[in-house]
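Student: I have a model on my screen. Can you take me through the terms used to describe it?

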Amino acid sequence: MAGSTLDRAREGLRALAGLAPSPVLEARLQRAAGLLPALPSEPRLEDAHWAALLDATTVQETQLFRSPAQLALIEARLPPLLLQARDAERPLRLLSAGCSTGEEAFSLAAIGLHLVHSLAPGARIEVVGVDVSRPALHSAAQGVIGPHLGAPLASVPAHHRPWLVDAGGQPRLHPSLRATLRFERASLLDLPQGLGGFDVILCRNVLIYMDDQARRQVLTELADRLRPGGMLALGATDAAPGGTLRPAGHAVYAHG
Ligand SMILES: C[S@@+](CC[C@H](N)C(=O)[O-])C[C@H]1O[C@@H](n2cnc3c(N)ncnc32)[C@H](O)[C@@H]1O
């Protein structure tokens, strides 16, 4: 493959999604070689050729209730935020930043709905998933629960199963859970202003694929979108975001 074509692809992926050079990225670029000659010189998220390259080079592994101890900590700290949102007559807003096929957003919605029903009747939740991958977002919007990392239901706590499992024991989203979900295609490097602020943001297993500059940019952007008292959850190996966010355990950082 011509070096200049490859370099243009690497540079474009870095500009659009912050993707850092890595053996995984190189292997995926080799597999996607047929897409490279048609790439326009200016990388744009909306361009069909660049979109196809992002689809081919991003890593989509995910699972329901991935990192369950971290999600349990978030669930334990969520009630005051939910009650505060209800008192303010607004929905509690949760963001899955780099949502892949939606399982992280489905898990957040199950946690939120369980708390609404058990502690805060009348409260509302809204879960937004953002990603750059078109096939992943298509699957998320269809509400498909994929097998991905092994058995899809393995980590789902018993009290959340009613939202995620049908009467026959098969993975399936409850209609009231689906009603809380919204998915949007955007890069975390350039989130639309209209996306608004959030009480909880999960950005897990996403920053590991980015270079330092992109990581810093994404963390600044996400911290700015956290509402007072909100929580940001990162991947286990991600560096702490610093600033006004304080570590609360399990790579969860609390605002204020
Ligand atoms: C490994 S998956 C992680 C999914 C989920 N957060 C989890 O932990 O299970 C990484 C996802 O991040 C997305 N992604 C990578 N860079 C992105 C960017 N700059 N903006 C939005 N999504 C991005 C990829 O398309 C992929 O779906």
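Tutor: What follows sets values against definitions, one term at a time. Residues are numbered from 1 along each chain, as its sequence is written. The model is predicted: local features need pLDDT of at least 70, side-chain atom pairs count only at pLDDT 80 or more, and totals for chains, interfaces and linings use all residues.

Student: Why is P162 called partly exposed, rather than buried or exposed?

Tutor: Count C-beta atoms, placed from the backbone, within 10 Å of the residue's own: 20 or more others means buried, 12 or fewer exposed, and in between partly exposed. P162 has 15 such neighbours inside 10 Å, so it counts as partly exposed. P162 sits in helix α8 (residues 161–164).

Student: What makes β6 and β7 a pair?

Tutor: Two strands pair if DSSP finds at least two bridges between them. Strands themselves are DSSP runs (E, at least two residues), helices are H or I runs of at least four, and both are numbered from the N terminus. β6 and β7 (residues 252–255) share four bridges, in the antiparallel sense. L245 has H255 in β7 as its bridge partner. G249 stands opposite V252 in β7. Two residues lie between the strands of this hairpin, and H250 there takes a positive phi near 55 degrees.

Student: Which other pairings meet that rule?

Tutor: β5 and β7 do, with three bridges in the antiparallel sense. Here L232 is partnered by Y253 in β7. β1 (residues 92–97) and β4 (residues 198–203) do too, with three bridges, but they run parallel. L95 has I201 as its partner in β4.

Student: What makes β3 and β6 edge strands?

Tutor: Start with the order of the open seven-stranded sheet: β3-β2-β1-β4-β5-β7-β6, with mixed pairing. β3 (181–185) and β6 (245–249) each pair on one side only, which makes them the edges. Neighbouring strands are turned by 20 degrees against each other on average, direction ignored.

Student: Across which strands does helix α5 lie, and at what angle to β1?

Tutor: Axes are lines fitted to C-alpha atoms, for helices over the stretch in contact, and angles run from 0 to 180 degrees between N-to-C directions. α5 (residues 79–87) lies across β1, β4 and β5 (226–234), at about 125 degrees to β1.

Student: How do you know that domain 1 and domain 2 are in contact?

Tutor: The bounds, 3–57 for domain 1 and 68–255 for domain 2, come from an automatic or database domain assignment. Contact means C-beta atoms, placed from the backbone, within 7 Å. By that test, 10 residues of domain 1 touch 11 of domain 2. α1 (3–17) and α3 (48–57) each supply at least two residues of domain 1's touching side. The domain centres, over C-alpha atoms, are 28 Å apart.

Student: Which residues of the ligand shell are closest, and how many residues surround the ligand?

Tutor: A residue is near a molecule if its C-beta atom, placed from the backbone, lies within 6 Å of it. 23 residues surround the ligand, the closest being A17, T58, T62, G98 and S100.

Terms used. Contact = placed C-beta atoms within 7 Å.
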